[in-house]
Amino acid sequence: MAGAFEPILTAGIGRMALERIEVYESQGGYEALRKAVRQMTPQAVQKEVTDSNLRGRGGAGFPTGRKWSFLPDDGRPRYLVCNADESEPGTFKDRLLLERNPHLVIEGIMLAGYAIGAARAFVYLRGEFRQAYEVLQRALAEARRRSYVGDRVLGSDFSLEIVVHRGAGAYICGEETGLLSSLQGGRGEPRLKPPFPATAGLYGQPTVVNNVETLACVPSIVSRGARWFASIGSPKSPGPKIFSVSGRVRRPGNYELPLGTPLREILFEHAGGLEPGRRIKAVQPGGGSSAILTEAHLDVAMDFDSVAQAGSMLGSAGVIVLDDRDCIVEAAQVLAEFYAHESCGQCTPCREGLHWAARVLRRIVAGGGRPEDIEVLQSLPSRIAGRTICPLADAGVGFLSSSLKYFVDEYRAHVTLGRCVREAYVA
Amino acid sequence: MTPEWAQRRAVVDEILQRYPERRSAIMPLLHLAQESRGYVAREDIEAIAEILAMTPAQVESVASFYALYVRRPRGRHTLTVCSNLACVLGGARSLVEHLRQRLGVEPGETTDDGLFTLQVTGECLAACDQAPVLQVDGYYVHRASPDKVDRLLEALRRGVPMAELADRAALPHEAEGGAQGGARPETPAGPGKGARADGWRL
Ligand SMILES: Cc1cc2nc3c(=O)[nH]c(=O)nc-3n(C[C@H](O)[C@H](O)[C@H](O)COP(=O)(O)O)c2cc1C
Ligand code: SF4
Ligand code: FES
């Protein structure tokens, strides 16, 4: 199966300068946009995306066509936002697309904007992505000159401007309501849903927020058809997916494969396996927010439903691998410190709970752990779950609670010995 | 309004017309201030407040939410080391230790000669396959070994601009040795796999 798969989103990256518009065009680039504005109604584009079964690549896997269909038809201006804030630990696929295949992202935005009738499109770009910003600005200027972006696209009645809005270092601005608040000029604080952005989004208007990779799937759906797309990978979550693999593998990197590719194949056939003599200890399949899996789960199909069934989530598909030399408590501490720092502070369980988790873990790692610390850590997730505005708080204890499930003895030994039982520490 | 801001009128107007509502311009205006001065000063806050018809306190409140807006001058170069999980696995802690010793400063501090500010961030810099990673003035330095970092510091001391070191013009588009079944868009990072796109060359 994998042998027959040809990369779609990353085809040509590393071999040609796709960020130059004439190179992108020579590969069939912007043909989907031409086809859409000349031969298809916006409804037809939307139907194609719905039928393709494309699901959001930003983390939640929500069906994209369905999301678009939620926009009320009441004459208010609609907005499209491309979520390019990529900050989920272990995830580096959107940056690859933005830096190395920017026209694919631009074409996807224009098609989505056409389908939903957007008045304006925004790219919320992570502030740290300096090179992606420069590449994207150049690509947009070229695309405007060739009438793919801006007024009367390719001579049609369709007009859409794309504005790049740079973030400034806040993980929480990846969450869509935090993002919208930030884009409106406020602090990036999330708000309760409903109302969803589809009805009350940017400036209170109907808004679609889609991830970079989600939008990058749209051109091939329009040019090659929904049926073709739906036939790739798992029936319930089809299509190509970029897996970002990092940690203890011999060839870390981005791998584009069909959704549903077994975790074992991703790690051992593509990412080169482990160093000789090492064993897998834990794998986060969906970024720093996801619960860990172990060696026992290596045959899980990497799609939204299968990974959820295995007790974790596909999330952003940032696959982080720990091997038998790594200290589980120290890894938990690194992640807990990050989430505690990124809490926006609106909800007490998140603000206090995550700092508490980080503090207790720091104490255990430093050798001052107390026996009751284990129970404290175990009780934390249930005291946070469901009591916060956004999912960051739950994300912040994803590694902790799952690792306590599989490695509680290691936590206990750490407390008793005052140090790690591993031969080497994380660092 | 300061003369600086008065002179920027055209740029400011261009930023304002990107957005249906004025207030959205606050982040690009803060970026503009920081890029020209190196940090956001009180007078920038006041100017932005005036442009957007907000109070300076409101602008301060927004600016303080975001880690990248700094309110004090920094060194000529800012070195930001990633200390999220994949980079810690890849040696980020010894990298920070090496930089502390070489620069003689703690994270958050600037060297006496005003050249370097050292920062350690918990935010993953989205280059985890290249761990350990740091950014220098926003440009990536991949697989930052002590030796590589020493050469980098030395070049920066000689006054070579980071943009040149980053060698962005030479993004690797050349064909790669060793096909990866078509699935892998990036150059392999493992030993013996040839030159990789590691962000900068000397
Ligand atoms: C804490 C948090 C951080 C998030 N960060 C990102 C992000 O960096 N990029 C992204 O596309 N989605 C992120 N999301 C998901 C977005 O809220 C949203 O679901 C997504 O952008 C929708 O796009 P999609 O339907 O195309 O997946 C995050 C969610 C949460 C709760
Ligand atoms: S859960 Fe945390 S990050 Fe989300 S809104 Fe509440 S305090 Fe902010
Ligand atoms: S963990 Fe350092 S770049 Fe992702």
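Reply: The shell around ligand 2 comprises 8 nonpolar, 4 polar and no charged residues. Here Ala, Val, Leu, Ile, Met, Phe, Trp, Tyr, Cys and Pro count as nonpolar, Asp, Glu, Lys and Arg as charged, and the others, Gly among them, as polar. The model is predicted: local features need pLDDT of at least 70 and side-chain atom pairs pLDDT 80 or more, whereas totals for chains, interfaces and linings use all residues. Residues are numbered from 1 along each chain as its sequence is written, chains are lettered from A and ligands numbered from 1 in the order in which they are written, and side-chain values use heavy atoms, without hydrogens and water.

The residues surrounding ligand 2 (a heavy atom within 4 Å) include A:Ser343, A:Cys344, A:Gly345, A:Gln346, A:Cys347 and A:Cys350. Also among them are A:Thr388, A:Ile389, A:Cys390 and A:Leu392, together with A:Ile172 and A:Pro190.

Among the strands (DSSP runs of E, at least two residues, numbered from the N terminus), β4 of chain A covers residues 207-211. Strand β1 of chain A (residues 79-84) pairs with β4(A) in the parallel sense over 5 bridges, where pairing requires at least two DSSP bridges. Within β4(A), A:Asn210 stands opposite A:Cys82.

Strand β6 of chain A (residues 253-258) is likewise largely enclosed by the rest of the structure, because 6 of its 6 residues are buried. The antiparallel partner of β6(A) is β5(A), residues 240-247, with 6 bridges between them. A hairpin of 5 residues joins β5(A) to β6(A). A:Lys241 has A:Leu257 of β6(A) as its bridge partner, and A:Ile242 stands opposite A:Glu256 in β6(A).

β6(A) also belongs to an open sheet of 4 strands with mixed pairing, in the order β6-β5-β8-β7 of chain A. Its edge strands, β6 and β7 (280-284) of chain A, each pair on one side only.

Terms used: Buried < 20%, exposed > 50% of the residue type's maximum accessible area, 1.4 Å probe, protein only.
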